[in-house]
Amino acid sequence: MPERSAGEFGDFKLPPGMGKLVIVGVIVLVVIFAAGGVFGTVGAGQRGVLLHFGAVTETIYEAGLYYKIPFVQEVVLMSTQIQKYTAPATSSSKDLQVV
């Protein structure tokens with residue numbers, strides 16, 4: 001197989017109309033990814049805190065659907081469920097009986 005120089009691949013051209021199709025395809029992908037980041041959900045037992053460029057805002061989302069501006073806003077989910085914690089402990093009464 002003969003060796004090719006770098007100049008031999010410089011003659012590659014896309015078929016007519018293919019360049020526009022590639023550009024439209026890239027634009028469609030960008031729109032799909034941006035639209036996918038517009039909506040989200042907050043589950044039961046959670047609240048969503050809205051961040052605008054990483055700074056906390058006063059907006060709190062309750063359980064349900066929310067919308068945001070992609071690449072500018074972010075929603076951080078926080079659990080509001082009661083967490084049970086038990087620990088073994090002993091105590092004494094006034095007359096020093098173990099309770």
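Predicted model: local features only at pLDDT ≥ 70, side-chain atom pairs only at ≥ 80, totals over all residues.
What holds strands of a sheet together? Strands of a sheet pair through backbone hydrogen bonds, and the pairing can be parallel or antiparallel.

## A closer look at β2 and β5

How many bridges join β2 and β5? The pair runs in the antiparallel sense over seven bridges. You can find one of these contacts yourself: Gln46 has Ser79, in β5, as its bridge partner. In the numbering of the model, β2 covers 46-52, while β5 covers 73-79.

## Two phenylalanines in loops

Now let's turn to the loops. Phe53 sits in the loop between β2 (46-52) and β3 (55-61). Its phi is near 55 degrees, which is a positive value in a residue other than glycine. Is Phe53 buried or exposed? With a relative accessible area of 62%, Phe53 is exposed, because the cut-off for exposed is over 50%.

Phe71 belongs to another loop, the one between β4 (64-67) and β5 (73-79). Here too phi is positive in a residue other than glycine, with a value near 70 degrees for Phe71. At 76% relative accessibility, Phe71 also counts as exposed.

Technical notes: Residues numbered from 1 in each chain as written. Heavy atoms only, no water. Helix = DSSP H or I, 4+ residues; strand = E, 2+ residues; numbered from the N terminus. Buried < 20%, exposed > 50% of the residue type's maximum accessible area, 1.4 Å probe, protein only. Pairing = 2+ DSSP bridges.
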